[in-house]
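User: Hi! Could you walk me through this model, one question at a time?

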Amino acid sequence: MDKKYVAEPYRIKMVEPLFETTKEERIKLLKSAGYNPFALRSHDVYVDLLTDSGTGAMSQQQWSMMMLGDEAYAGSSSFYRLEKVVKEITGYQYFIPAHQGRGAEKVLLPQLVTKENMYYISNTHFDTTRAHVELAGARALDCVIDECFDLDKYHDFKGNMDLVKLEHLINEKGKENIAGIIMTVTNNSAGGQPVSMENIRKTSEICQKYQLKLIIDGARFSENSYFIKTREKGYQNKTIKEIALEMFGYADVFLMSAKKDALVNMGGIIAIKNDRELFLKAQTMVVPYEGFPSYGGLSGRDMEALAVGLKEGMEEDYLKHRLDQVRYLGEKLKAAGVPIQYPVGGHAVFVECKSFCPHIPFYQFPALAVTNELYLEAGVRAVEIGSLLLGRDPDTKENLESKMEFMRLTIPRRVYTYNHLDVVALGVINVYEKRKELKGYTFLEEAPILRHFTSTFKPVE
Ligand code: P61
């Protein structure tokens with residue numbers, strides 16, 4: 001990549017200090033965190049790549065609009081400003097704010113589960129989505145294309161839904177037992193991989209054929225739109241806004257964790273195209289769970305920052321820089337022989353830990369072993385996206401084996417520079433060199449829901 005005349009499309013006005021630790025300190029810190037990186041204090045982390053969720057830096061426009069936050073309990077003018085932006089971007093009639101993505105999921109997903117033994121089908125459910133599907137009494141089925149599991153194979157849109165499998169699943173389970181189809185863009189668990197417009201359109205056609213609702217889980221809809229612009233025929237001359245509008249046009253509902261592409265530290269969106277009955281049900285449930293429908297768990301100033309961030313997240317120079325940064329790290333690792341999901345996705349580099357540590361079985365969480373070693377090596381915090389995150393079968397309670405064991409190096413937006421990424425790359429490459437020495441983990445205490453957040457572990461001797 002020619003970086004000669006291209007740097008970050010922003011300059012830094014406010015800085016946050018980072019603190020270094022020694023390896024001896026990190027050994028103690030990780031032990032007292034129960035070998036769970038979620039339990040580390042951020043002060044003890046040098047480069048924090050746990051997540052891109054709520055960790056981005058806001059712009060001067062966002063900070064300045066926050067001063068106009070209207071904190072009225074009902075009918076806040078900040079709500080109306082945000083509603084206007086959401087309607088403009090989606091073309092939808094109805095909007096309800098939520099405090100974050102899972103708040104939106106909790107309010108909306110149960111509304112489509114009308115009886116027992118129902119299913120949601122997705123290109124891949126992210127873990128909170130899966131958890132809310134299950135909490136609503138339904139079951140989550142994933143249906144991504146097989147190319148996604150062939151990590152070295154280049155495919156422009158590895159996040160795509162497998163359309164043949166989707167139709168087969170609908171017929172096998174019976175369309176009356178399908179609560180809805182969820183399209184996650186970009187497909188997070190599959191490696192931040194994009195979904196093509198053609199795939200979204202064809203999924204929508206299947207939904208119409210069987211009269212099913214199509215829900216876009218669009219935490220990273222802008223990054224997905226940028227991939228469509230640069231990779232899919234016919235979109236090169238369209239704006240990100242035009243691409244996003246077309247995409248939303250194929251769906252019925254848009255759920256968003258605004259903490260990603262909307263460049264805010266907290267926020268969520270429920271938008272509904274035109275189903276008034278569904279809107280009224282969601283509006284009823286948002287009150288006890290999130291708050292009055294004109295704030296949904298957000299303060300007025302949060303809504304102001306979100307209204308600006310949604311638009312900034314669609315700016316092309318920013319998106320180009322963002323995806324270049326992520327690709328830069330990925331290609332550096334790939335060049336050193338570290339196995340990754342290729343091509344590199346939108347928000348993170350996914351290091352493939354099954355072949356990194358073939359000696360560690362899935363129930364001893366190879367990607368956790370690599371993640372912990374990376375912290376010890378370089379003070380870099382990543383996150384496991386594999387069998388630990390996947391959890392247990394809700395019926396048999398057996399540990400599920402994930403098809404892919406990833407350590408995700410998730411890049412926060414507008415936060416780190418290329419120098420930070422060089423530190424990360426060096427750390428990962430050094431861990432790769434001693435991969436044969438790594439040991440797996442077993443539970444000390446296992447949490448019953450979304451266990452990776454709070455469980456504690458011990459290394460296998
Ligand atoms: C992430 F370790 N993602 O990727 P909320 N849909 C999608 C998401 O990516 C997503 C949510 C819904 C996170 C945060 C996170 O085990 C973890 O605003 C495609 O986080 O509620 C969140 O949105 C939920 C990290 C979530 C985790 C769960 O890092």
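**Overall fold**

Analyst: Happy to. The chain's secondary structure comes to 16 helices and 14 strands, where helices (H or I, at least four residues) and strands (E, at least two) are DSSP runs numbered from the N terminus. The radius of gyration is 21 Å, close to the 23 Å that the globule rule gives for 461 residues, so the chain is as compact as a globular protein of that length. Here the radius is taken over C-alpha atoms, and the rule is 2.2 Å times the number of residues to the power 0.38. This is a predicted model, in which local features need pLDDT of at least 70 and side-chain atom pairs count only at pLDDT 80 or more, while totals for chains, interfaces and linings use all residues. Residues are numbered from 1 along each chain as its sequence is written, and side-chain values use heavy atoms, with hydrogens and water left out.

User: What percentage of the 461 residues of the chain count as buried?

Analyst: Buried means under 20% relative accessible area, exposed over 50%, and partly exposed in between (1.4 Å probe, protein chains only). By that cut-off, the buried part of the 461 residues is 58%.

User: Among contacts in the chain between residues at least 6 apart in sequence, what percentage join residues at least 24 apart?

Analyst: A contact means heavy atoms within 4.5 Å. Among those between residues at least 6 apart in sequence, the part joining residues at least 24 apart is 73%.

User: How far apart are the mean positions of the positive and negative charges of the chain?

Analyst: Lys and Arg count as positive and Asp and Glu as negative, with His and the chain ends not counted. Each charge is placed at NZ of Lys, CZ of Arg, CG of Asp or CD of Glu. For the 58 positive and 62 negative charges, the mean positions are apart by 1 Å.

User: Why is helix H5 described as largely enclosed by the rest of the structure?

Analyst: Helix H5 covers residues 127-135. Its buried residues are Asp127, Thr128, Thr129, Arg130, Ala131, His132 and Val133, and their cover includes helix H4 (101-108), strand E3 (119-122), strand E4 (139-142), E5, strand E6 (214-217) and helix H15 (387-390). H5 is largely enclosed because its buried residues number seven of the nine.

User: Which residues of H4 are buried?

Analyst: H4 is mostly covered, with six of its eight residues buried. They pack against strand E2 (94-98), H5, E6, strand E7 (253-257), strand E8 (268-272) and helix H10 (276-289). The buried residues are Gly101, Gly103, Ala104, Glu105, Val107 and Leu108.

**Loops worth a look**

User: Which backbone nitrogen does the side chain of Ser76 reach?

Analyst: Ser76 sits in the loop between helix H2 (60-66) and helix H3 (77-90), and at 1% relative accessibility Ser76 counts as buried. A polar atom of its side chain lies 2.8 Å from the backbone oxygen of Asp70. At 3.0 Å, the Ser76 side chain also reaches the backbone nitrogen of Ser78.

User: What is the omega of the cis peptide bond that joins Val185 and Thr186?

Analyst: Thr186 lies in the loop between strand E5 (178-184) and helix H7 (197-209). Another cis peptide bond joins Tyr342 and Pro343, with omega about 0 degrees, and Pro343 is in the loop between helix H12 (316-335) and strand E9 (348-352). For the cis bond joining Val185 and Thr186, omega is about -20 degrees.

User: Is Phe365 buried or exposed?

Analyst: Phe365 lies in the loop between helix H13 (353-356) and helix H14 (366-378). Its phi is near 55 degrees, a positive value in a residue other than glycine. With a relative accessible area of 0%, Phe365 is buried.

User: What is the phi of Arg414?

Analyst: Arg414 is found in the loop between strand E12 (406-410) and helix H16 (418-433). Arg414 is buried, at a relative accessible area of 18%. Although Arg414 is not a glycine, its phi is positive, at about 60 degrees.

User: What distance separates the C-alpha atoms of Leu438 and His359?

Analyst: Leu438 is in the loop between H16 and strand E13 (441-445), and is buried with a relative accessible area of 6%. Not counting residues up to four places away in sequence, Leu438 touches residues including Phe356, His359 and Val431. Leu438 and His359 are 79 residues apart along the chain, and their C-alpha atoms are separated by 8.8 Å.

Conventions. Polar contact = N/O pair within 3.5 Å; in protein donor to acceptor, adjacent residues only side chain to side chain.
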